[in-house]
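Let's take a friendly walk through a protein chain together. Have a look at the fold first, and then read on.

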Amino acid sequence: MNDTSIVNYLTLRYDPVIDYPDSLTSENFEEKEVKDVRVKIIDIVKRELDLKLSQKKISNISIALSGGIDSGFTLAMIRKFFPQLKIDSICVGFGDNDDEICRAREIAEKYDSRFHELMIENVLEDLPKLISIAGVPKWNLYQYYPLEKAKSFSDVFFSGDGGDEIFGGYVFRYKKFLDKLKKVHNPNWIDKSRIYLECHERDWVPDQDKIFNKKLNFSWLKIYENFRTYFENNLYPLNQVFLADFNGKLLHDWIPSNHEFGKYLNLNINSLFLNPEMIALSTKLHWEVKYDYEKDIGKLPLLSILNDYLGFNNFHNIKKGFSLDLLNLWKNYGREIVLHYLHKDSDVVKNNIINIEWIDKAIRLVDESLNYNYNMRIRYISKLLSVLSLEIWHQLTVSAKLKPSSKLK
């Protein structure tokens, strides 16, 4: 974990410097005419499920089920081809008013799946354990909980991972990106990288450079350089975004964490969307086949298929995807935990990594600015939790002050 990695984790939530063999290039997203998209998708799913379930004679599986498209599609397809398979569906809630549990339960019942509600009030409590397993300084590792629950039902688990990236599910960012790009005359890769990160504003704060000690040499240009190959090509801008999304949070953030959790739990984690055939098909589709700019709706091929299935008629919702209310987390648990671990005697402060002045300012901003922009408060809470995760990682792996079994309360 060098200085560059630390800066990347606290600015992007992952380290893009790591090279993975599954990375895609601009050539993968060169569009071509594809006929019978619906038929091809279902054929790929059928072959994938035959390989993963029939040939291995699997009789029961578990699945992460939210109220959204990807997990709903996964459950509907599995039930279509395996009507006798025993399926346990797990939905995570955090005690927030808009948890997706009710919607997920309805879908589970329609597709003859046993439903399990998993409530997690303090997602920070087991952070030492989760960081020690994942091996990285991240706080948003709560996907571990449905995996742990799933292990009690089956060794085979299915998720909806990858659906957003390959079929255009991040609609809240696409329109924003394209509209901002229109305002820039002849944009280059730096302009596109900057706008791309502006659409990920919860990953950084306006005074991002003040977080780090000068020895870490924070530079936005260095951050943008990570995205150069994604935006310095001849692809249509939205396809460039798809490329950056796939190689970014999916390949460097979500999948590696799940891989480590799967190894730890001895759980076989699968996704219908990460099948090589499915990736090859979806990345070649014209962007308008996946995303409607005027209606701001994504995943059009999946929606087209789902509209023929029970419980998904005219289904166009945008799901939370097991996300939580950070302000509630801060008030109930986060503030006290942050104050306990982030101070002048913290490892990250004493080792000249993080500036204590920024920590103090960020806490005051969240606490005292009751009339401040809500989104800005959320951004600072997220960043404080990122710094907290770095401190926990440092105390686990460097100073050995903490044990993985330690609880944060």
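Helices here are DSSP runs of H or I with at least four residues, strands are runs of E with at least two, and both are numbered from the N terminus. Please keep in mind that this is a predicted model, where local features need pLDDT of at least 70, side-chain atom pairs count only at pLDDT 80 or more, and totals for chains, interfaces and linings use all residues. Residues are numbered from 1 along each chain as its sequence is written, and side-chain values use heavy atoms, leaving out hydrogens and water.

**The whole chain**

The chain holds 19 helices and five strands. Its C-alpha trace spans about 60 × 55 × 40 Å along the principal axes. The radius of gyration, taken over C-alpha atoms, can be set against a globule rule of 2.2 Å times the number of residues to the power 0.38. For 409 residues, a compact globule would come out near 22 Å, and the chain agrees with its 21 Å.

A residue is called buried under 20% relative accessible area, exposed over 50%, and partly exposed in between, using a 1.4 Å probe and protein chains only. By that rule, 57% of the 409 residues in the chain are buried. Contact means heavy atoms within 4.5 Å. Of the contacts between residues at least 6 apart in sequence, 79% join residues at least 24 apart.

**Helix 1 and its neighbours**

Helix 1 covers residues 3-12, and eight of its 10 residues are buried. Those eight are Ser 5, Ile 6, Val 7, Asn 8, Tyr 9, Leu 10, Thr 11 and Leu 12. What do the buried residues of helix 1 pack against? Their partners are helix 9 (189-198), helix 10 (220-225), helix 12 (237-265) and helix 19 (374-397).

At the start of helix 1, Asn 2 has a side-chain oxygen within 3.2 Å of the backbone nitrogen of Thr 4.

Asn 8 sits in helix 1 and counts as buried because its relative accessibility is 2%. Leaving aside residues up to four places away in sequence, Asn 8 touches Arg 13, Tyr 14, Asp 15, Pro 16, Val 17, Ile 223 and Asn 226.

**A residue in helix 19**

Now turn to Ile 381, which is found in helix 19. Is Ile 381 buried or exposed? Ile 381 is buried, because its relative accessibility is 1%. Its contacts, not counting residues up to four places away in sequence, are Leu 326, Leu 327, Trp 330 and Val 366. Ile 381 and Asp 15 are 366 residues apart in sequence, with their C-alpha atoms 21 Å apart in space.

**Positive phi angles**

Most residues other than glycine have a negative phi. Just after helix 1, Arg 13 takes a positive phi of about 75 degrees.

Notes:
A polar contact is a pair of N or O atoms within 3.5 Å; within protein, one must be able to donate a hydrogen and the other to accept it, and residues adjacent in sequence count only if both atoms are side-chain atoms.
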